[in-house]
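Please prepare a short briefing on the structure shown below. Keep to what can be computed from the model, and group the points by topic.

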Amino acid sequence: MSLMGSIFICRSHLSENRPPSTCSFFFLIILLVQLPFLSLTTAQASHCRTTCGDIPIKYPFGIDDGCGSPYYRHILVCSDSGKLELRTPSGRYPVRNVSYSERHILLTDPFMWNCQDTDKFRPTRPFSLDTSTHFSLSPQNEYLFFNCSEDDVIIQPKPIFCEHFPDRCDSSCDSASYLCRHLPQCPSALSGSTSCCSYYPKATESLRLMLKYCASYTSVYWKDIGSPQPYDQVPEYGIKVDFDIPVTTRCLQCQDRVKGGGTCGFNTQTQNFLCLCEERNVTTNCQDTLVQIIAFLGIIGGLELLQGQ
């Protein structure tokens, strides 16, 4: 039974000319019954950390179980040294930055080719995302493949119309790619005998197949720098992963500062929504239960005052 329900029962007792002290006793019973459940939810959701190193942690993410959205549960990991990592089926990857306004995460894949490798290609593995999550690879990523077998991979310059109709050019790896001719940060890192082509695999299986016939690969994303077009973007190494922010009415009400400014979270056993407050967790907002208790105590106090008169 809710606290508000107990108020209505006490009002009915008052109409039957029962002493107000009965209401006080009844309220204590209700409170004692509900306290174990309040302490249970408090034990389930530990204090939500808001940073990992210098990277802010906000909804929908959480690095403590029960914080954020259950859609991203156990996805982000903060190491003891304060390094944030993203878990995927292909491994754990260092997070360089999280943009909540643009809704993307920037990752580094240590297994990908970098400028220091030059022509010495290390063993690599294909990057993949869990398709059941609310993550997706950003279309701003470009993949460069090195020393691919021409017997197994279609390597050819893409016509100009491919820039406007990319779906018609999906089957080939572009040997005339701008990025192959202008490698970011190290345009002369590869020797003239090393081939390079650009290809955007739409699925993890396509990426695995490409790496079966290529020596290595790397990912480049286009970073917005705020300059006037066409110089508003520059290429940088890394993987840009887009994410969704599942926003519900209950979460917005929980975060409302007027209503206590709680943190959106969830019950770790049922994954049902919880509003995480400083002293307790509730299913509505941080002021809701407190207001009920204060209102109830005010009514009881007023009734006892009338009885004393």
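Which residues does Phe61 touch, not counting residues up to four places away in sequence? Phe61 touches Cys67, Gly68, Tyr72, Leu76, Val98, Tyr100, Ile105, Phe135 and Phe243, where contact means heavy atoms within 4.5 Å. This is a predicted model, in which local features need pLDDT of at least 70 and side-chain atom pairs count only at pLDDT 80 or more, while totals for chains, interfaces and linings use all residues. Residues are numbered from 1 along each chain as its sequence is written, and side-chain values use heavy atoms, with hydrogens and water left out.

**Confidence**

- The protein chain has a mean pLDDT of 81, and 75% of its residues reach 70 or more; pLDDT is the predictor's confidence in each residue, from 0 to 100.
- Residues 1-9 have a pLDDT below 50, and this stretch has 23 contacts in the model beyond near neighbours in sequence.
- Over residues 11-15 the pLDDT also stays under 50, and the model has five contacts for them beyond four places in sequence.

**Overall make-up**

- The protein chain has six helices and 17 strands, taken as DSSP runs numbered from the N terminus (helices are H or I with at least four residues, strands are E with at least two).
- Of its 309 residues, 41% count as buried; buried means under 20% relative accessible area, exposed over 50%, and partly exposed in between, with a 1.4 Å probe and protein chains only.
- Among contacts between residues at least 6 apart in sequence, 61% join residues at least 24 apart.

**Nonpolar cores**

- The largest nonpolar core has 46 residues, of which Phe61, Phe135 and Phe145 touch the most other members.
- A second, separate core has 14 residues, including Phe146, Cys180, Cys186 and Val220.
- A nonpolar core here is a set of buried Ala, Val, Leu, Ile, Met, Phe, Trp, Tyr and Cys residues joined through side-chain atoms within 4.5 Å.

- Leu179 is in helix α3 and counts as buried because its relative accessibility is 0%.
- Not counting residues up to four places away in sequence, Leu179 touches Glu142, Leu144, Pro184, Val220, Trp222 and Pro235.
- Pro184 is in the loop between α3 (178-181) and β11 (196-199), and its relative accessibility of 5% is why it counts as buried.
- Beyond four places in sequence, Pro184 touches Cys115, Leu179, Val220, Pro235 and Tyr237. Its C-alpha atom is separated by 6.2 Å from that of Glu236, 52 residues apart along the chain.
- Gln185 belongs to the loop between α3 and β11 and counts as exposed, because its relative accessibility is 66%.
- Leu190 is found in the loop between α3 and β11; its relative accessible area is 18%, so it is buried.
- Leaving aside neighbours within four places in sequence, Leu190 is in contact with Trp113, Thr118, Asp119, Phe121, Phe146 and Leu183. From Leu190 to Thr118 the C-alpha to C-alpha distance is 5.4 Å, at 72 residues apart in sequence.

**Backbone geometry**

- Most residues other than glycine have a negative phi, and most peptide bonds are trans.
- Tyr59 and Pro60 are joined by a cis peptide bond with an omega of about 20 degrees. Pro60 is in the loop between β2 (55-56) and β3 (76-78).
- Arg103 is not a glycine, yet has a positive phi of about 60 degrees. Arg103 is in the loop between β5 (91-99) and β6 (104-107) and counts as partly exposed because its relative accessibility is 39%.
- Gln185, also not a glycine, has a positive phi of about 70 degrees.
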